[in-house]
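This briefing covers charged side chains and their pairings. Please look over the sequence and the structure before reading on.

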Amino acid sequence: MTTFTPSTAAEVLSAVQWAVAEDAPLEILGHGSKRGIGRPLQCEHTLDLSKLSGVTLYEPAELVLSARAGTPLAEIEALLAESGQQLAFEPMDYAPLLGGEPGRGTIGGVLAANLAGPRRLKAGAARDHILGIHAVSGRGEAFKSGGRVVKNVTGYDLSKVMAGSWGTLSVLTDVTFKVLPAAESETTLAIRGLLDDHAAAAMALAMGSSGEVSSAAHLPERMAARVADGSLGGDPATLLRVEGFGPSVAYRITHLKDLLKNAGPIEEIAGEASKALWRDVRDCRPFADGSDKPVWRVSMPPANAHHMVLALRMQAAADAFYDWQGGLVWLRMEGEPEAELLRALIKKFGGGHATLVRAPAVWRAALQVFEPQSAALAALSARLKAEFDPKNILNPGRMVQGADSATLARATEGATS
């Protein structure tokens, strides 16, 4: 068993070229904070990028930051904070949910997993902020895409192709992101005691108003007690975050309180307390319980999410809370993952997709962890895999069960026949 620990892009290229020549699949790692997501890998060799670290360019006036892929996200966020800036899409940290040490995620992993946080309603995800990459394909070839400017030429954006590929198409060596000024202030309104359907209506009303809400989440009964060190208590809390200049935030908070005055009791949470609360929502802290009970990340139409959860609870034991105005549902199952049941209900209530982000390895090996693709989309994915990694060297089988070279070849032939 070989573990490669490159500290330069040239060493990454050399390691991948060796793997290609030897037909030796590689597990691609940063610091391993998301290692438990996806199907278990059966690789004898590891490409550990933790030493491929360091910020290589930061120009606050140009709103651009470049770093090597193994740079800890916490290091980058601290650097940005010194200049009053941030990654506006506030990427989540999976480590607490998966039983790891917080703050261990890397900037390359942010793009590979296409991470986002509660502000996705306004700011999008990692793919919406990436400007350029340097990477090594599974062919053992170095390539780059994009650049270090916010405006770039229109074309086939390989940077966005790598978003959400989970290290199965290339090994990222350097990434360049757009950064933005952090808000001067923020305040969160917490409407207390709402059931899921009333919370969905309140969030929709707030999001459709002139209040410019940047984040909306609902923590049902018992979920609220699991964030912010329990300061919210156990009653349901429907959360609305407002950010910006101080006077603007105050005006919009007043507007929202008047708009929602009949919804229920309303509390204000400001400053650092608000930031800490949204970090816990972002990182799925209600389910970061040290167990390996199955946790699903479900994306679906916000208006239908609570209907799906109610139908699921009629047939399986599950806890849930909602982010992205209900467009993101976090589910923790008390027993088996219930993949077929869950995906059938998602389809029934408007469609969407579900990813099993935590479960024992035996279940992750047996199930389709990522949402099964339609025939056309699967064929396109197979063509991309065959183009970037024809020998299936990089993280083989992490995303698709049985995704060996022969399977990829058959899928590609089927798409072109």
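Buried means under 20% relative accessible area, exposed means over 50%, and partly exposed lies in between (1.4 Å probe, protein chains only). The model is predicted: local features need pLDDT of at least 70, side-chain atom pairs count only at pLDDT 80 or more, and totals for chains, interfaces and linings use all residues. Residues are numbered from 1 along each chain as its sequence is written, and side-chain values use heavy atoms, with hydrogens and water left out. Side chains of opposite charge can pair when their charged atoms come close. A search of the whole structure finds 21 salt bridges, a salt bridge being a side-chain nitrogen of Lys or Arg within 4 Å of a carboxyl oxygen of Asp or Glu.

**Helix α8: a pair within the helix**

- Helices (H or I, at least four residues) and strands (E, at least two) are DSSP runs, numbered from the N terminus.
- E272 and K275 both belong to helix α8, three residues apart, or about one turn of the helix.
- Their side chains form a salt bridge of 3.5 Å, N to O.
- K275 is partly exposed, at 35% relative accessible area, while E272 counts as exposed at 55%.

- R282 is buried, with a relative accessible area of 13%.
- Its side chain makes a polar contact of 2.7 Å with the side chain of D283; such a contact is a pair of N or O atoms within 3.5 Å, where within protein one must be able to donate a hydrogen and the other to accept it, and residues adjacent in sequence count only if both atoms are side-chain atoms.
- Leaving aside residues up to four places away in sequence, R282 touches E77, E90, P91, M92, D93, G117 and P118, with contact meaning heavy atoms within 4.5 Å.

**Salt bridges between separate parts**

- R358 and D289 meet through their side chains in a salt bridge of 3.3 Å, N to O.
- R358 is in strand β18 (residues 353-358) and D289 in the loop between α8 and β15 (295-299), so this pair ties together parts 69 residues apart in sequence.
- R358 is buried at 4%, whereas D289 is partly exposed at 35%.
- The side chains of D319 and R332 form a salt bridge of 3.0 Å, N to O.
- D319 lies in strand β16 (residues 318-323) and R332 in strand β17 (residues 328-333), so the pair ties together parts 13 residues apart in sequence.
- D319 is buried at 10% relative accessibility, and R332 is buried at 7%.
- Salt bridges with shared partners join R222, D289, K293, D319, R332, E334 and R358 into one network.
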